[in-house]
Amino acid sequence: QVQLVESGGGLVQAGGSLRLSCAASGTIFNINLMGWYRQAPGKQRELVAVITRGGNTNYADSVKGRFTISRDSAKNTVYLQMNSLKPEDTAVYYCKEEEWVPGNGARISWGQGTQVIVSS
């Protein structure tokens with residue numbers, strides 16, 4: 001089992017910044033990918049940014065140039081630096097972890113989510 005603990009959400013004015021953190025703990029094998037998704041009220045969950053074991057990153061077009069994903073592999077932690085926040089960034093942000101479990105294959109874990117509210 002893997003536990004993902006997210007932190008860093010909150011209320012911020014438009015134009016402000018927040019930094020989200022997600023730490024993975026428990027029985028961890030080979031993490032292939034960690035990242036962030038978000039879900040706004042009435043909308044489907046969508047990708048925000050992910051980073052692979054090799055360090056490759058992928059961002060949603062809506063956050064490119066404003067958000068930066070990074071990781072500390074030694075701590076099994078991923079970060080999301082969010083700058084120039086907009087009201088449309090308001091959502092619950094979920095951490096996602098994908099790993100390969102020997103004998104079992106791919107395993108995906110999700111965090112509980114952290115709320116981000118951007119006021120105009």
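Good morning. Please keep in mind that the model is predicted.

I start with the cysteines. In general, a disulfide is a covalent bond between the sulfur atoms of two cysteines. How many disulfides does a search of the whole structure find? The search finds one. Its partners are Cys22 and Cys95, with a sulfur-to-sulfur distance of 2.0 Å. The angle about the S-S bond is -85°, so this link is left-handed. Cys22 sits in strand β3, residues 18-26, and Cys95 in strand β9, so the bond ties together parts that lie 73 residues apart in sequence. Are these cysteines buried or exposed? Cys22 has a relative accessibility of 0% and counts as buried. Cys95 is buried too, again with 0%.

Next, the salt bridges. Side chains of opposite charge can pair when their charged atoms come close. Over the whole structure, the search gives six salt bridges. I will go through some of them.

One is between Arg38 and Asp89, at 3.0 Å from N to O. Where do the two residues lie? Arg38 belongs to strand β4, residues 30-39, while Asp89 is in the loop between β8 and β9. They are 51 residues apart, so this pair links distant parts of the chain. Both residues are buried.

Another salt bridge joins Glu99 and Arg107, whose closest N and O atoms are 3.2 Å apart. Glu99 is buried, because its relative accessible area is 1%, and buried means under 20%. Arg107, at 21%, counts as partly exposed. Elsewhere, salt bridges with shared partners connect Arg38, Glu46, Arg66 and Asp89 into one network.

A further salt bridge is formed by Asp61 and Lys64, with 3.1 Å between the closest N and O atoms. Asp61 is exposed, with a relative accessible area of 64%.

Last, Lys86. This residue is in the loop between β8, residues 77-82, and β9, residues 91-101. Asp89, from the Arg38 pair, is in the loop between β8 and β9 as well. Lys86 has a relative accessibility of 35%, so the residue counts as partly exposed. Which residues does Lys86 contact, leaving aside its neighbours within four places in sequence? They are Arg66 and Val118. Arg66 is also one of the members of the salt-bridge network. As for Ala23, Lys86 is 63 residues away in sequence and 26 Å away in space, C-alpha to C-alpha.

That is the end of my part.

Key. Residues are numbered from 1 along each chain as its sequence is written. This is a predicted model: local features need pLDDT of at least 70, side-chain atom pairs count only at pLDDT 80 or more; totals for chains, interfaces and linings use all residues. Side-chain values use heavy atoms; hydrogens and water are left out. Helices (H or I, at least four residues) and strands (E, at least two) are DSSP runs, numbered from the N terminus. Buried means under 20% relative accessible area, exposed over 50%, partly exposed in between (1.4 Å probe, protein chains only). Contact means heavy atoms within 4.5 Å. A salt bridge is a side-chain nitrogen of Lys or Arg within 4 Å of a carboxyl oxygen of Asp or Glu. A disulfide is a pair of cysteine sulfur atoms within 2.5 Å.
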